[in-house]
Amino acid sequence: KFGSFFSPCLSEGDFDSKPSVLLLGQYSTGKTTFIRHLLKTEYPGSHIGPEPTTDRFVVVHHGHEPRRTPGNTLAVQPDKPFQGLTVFGSAFLGRLEGSQCPNELLENVTLIDTPGVLSGEKQRVERAYEFTSVCEWFASRSDLILLLFDPYKLDISDEFKNVIHSIKGHDDKVRIVLNKADQVDSQQLMRVYGALMWSLGKVFNTPEVVRVYIGSFNTAPISNEKNPLATALFEREQEDLLKDLYQLPERSCDRKVNEFVKRLRALRMHVLIISHLRKQMPTLYGKKDKQQKLLNTLGEEFSKLQREKHLPPGDFPDPARYKSILSCFDLCKFNKIEKKHMKYIDDALSVDIPRLVKIFENPF
């Protein structure tokens, strides 16, 4: 049942896959153009325009010949890390597509293009699938998450805010790309940068500054008509971003171990929470009322458990999200937790994984 609270079980494809980069942003901020800029060519199925043009999640990966693969086919291939997407149903898989083409960058990295996040009246039109949950799934398995903005789309809509909140816990992977920066002069660029940081500060709620790349990531050369002094800056920013991308394969193994450790720590916390709640359930009568009472005071129960076990507060899940998922289960039907089960998890964190990392560092 842990997969319902955190994420579905990892498959062999998750461990064998290439590093991936997830691109998120409102429509027409240049996500698809950004991919073309990196690949220096078009990929099968790409379409660019001022209106919302990418209406599906597109996995751009390496292949010997250009080809498009339907989402249902992509999700059943055991050598690909997308089998877990089947939990989102046929409505989503119909909006998923694989696009393969021969490219040097794609030999080392997989790029994931996404539909533009909706704003204003458009975001009230419901999608046929849970967009935020899908973004969260991809974010947990990506090595780098790029949030794209342009000088004319700095507002963060409710849907985009929900997407950013869903990728919390992956802050170390998030980078900001201020695209189309050559379309404003130096004074406007300074104001745009300040406004962007102010908007992001309200959403991320952290004192740490997210790395921001400024430039014009387009297939056309950088325009120096409005801001000729910034051309050198944009070129350096592009070089830094490309360097970040090409370093992903080097860090991929460490990232996968890191994600596995995060999953184990989340499992340990989940076991402690369920055990703490389960032992308060009555034996015979009033089970339903007691469970509802525990759910209504879940934040207080987290605080009690933290004091009792001396646990880090940052390891606890979001109470509101945890409550919404737990309300679908019967607490009494969870298996009783024994000490040996906790020992397996603790041994994996303190003995097995450190030993594995040591082998990676010195295979001889």
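Is Ser216 buried or exposed in this model? Ser216 is buried, with a relative accessible area of 6%, where buried means under 20%, exposed over 50% and partly exposed in between (1.4 Å probe, protein chains only).

Before we go on, a word on what you are looking at. The model is predicted, so to speak of local features takes a pLDDT of at least 70 and side-chain atom pairs count only at pLDDT 80 or more, while totals for chains, interfaces and linings use all residues. Residues are numbered from 1 along each chain as its sequence is written, and side-chain values use heavy atoms, with hydrogens and water left out.

**Around Ser216**

You will find Ser216 in the loop between β8 (212-214) and α9 (231-246); helices (H or I, at least four residues) and strands (E, at least two) are DSSP runs, numbered from the N terminus. The side chain of Ser216 makes a polar contact of 3.3 Å with that of Asp182. Such a contact is a pair of N or O atoms within 3.5 Å; within protein, one must be able to donate a hydrogen and the other to accept it, and residues adjacent in sequence count only if both atoms are side-chain atoms. Leaving aside neighbours within four places in sequence, Ser216 is in contact (heavy atoms within 4.5 Å) with Asn179, Lys180, Asp182, Ile222 and Gln238.

**The sheet**

Strand β8 also belongs to an open sheet of 8 strands with mixed pairing, in the order β3-β4-β2-β5-β1-β6-β7-β8. Its edge strands are β3 (67-70) and β8, each pairing on one side only. Two strands pair if DSSP finds at least two bridges between them. Further in, β1 (residues 20-25) and β5 (residues 110-113) pair in the parallel sense over 3 bridges, and Ser20 stands opposite Thr110 in β5.

Phe5 lies in helix α1 (residues 2-5) and is buried, at a relative accessible area of 5%. Not counting residues up to four places away in sequence, Phe5 touches His270, Arg321, Tyr322, Ile325, Leu326, Phe329 and Phe334. Turning to helix α13 (residues 319-326), its buried residues are Tyr322, Ile325 and Leu326. These residues cover an arc of only 95 degrees around the axis, which puts them on the same side of α13; the arc is that of the directions from the helix axis to the C-beta atoms. An α-helix has 3.6 residues a turn, so residues three or four places apart point the same way. The cover over the buried residues of α13 includes α1, α10 (248-278), α11 (287-296) and α12 (298-309).

**Aromatic pairs**

A search of the whole structure finds 13 aromatic pairs. Rings of Phe, Tyr and Trp (its six-membered ring) pair if their centres lie within 6.5 Å; planes under 30 degrees apart count as stacked, over 60 as edge-to-face and the rest as tilted. Two of the pairs are set out here.

| Pair | Centres | Planes | Kind |
|---|---|---|---|
| Phe34 and Phe217 | 5.3 Å | 65 degrees | edge-to-face |
| Phe302 and Phe316 | 5.3 Å | 40 degrees | tilted |

Phe34 lies in helix α3 (residues 31-39) and Phe217 in the loop between β8 and α9, so this pair ties together parts that are 183 residues apart in sequence. Phe34 is buried at 0% relative accessible area, and Phe217 is buried at 2%.

Phe302, in helix α12, and Phe316, in the loop between α12 and α13, are 14 residues apart. Phe302 is buried at 7%, and Phe316 counts as buried at 13%.
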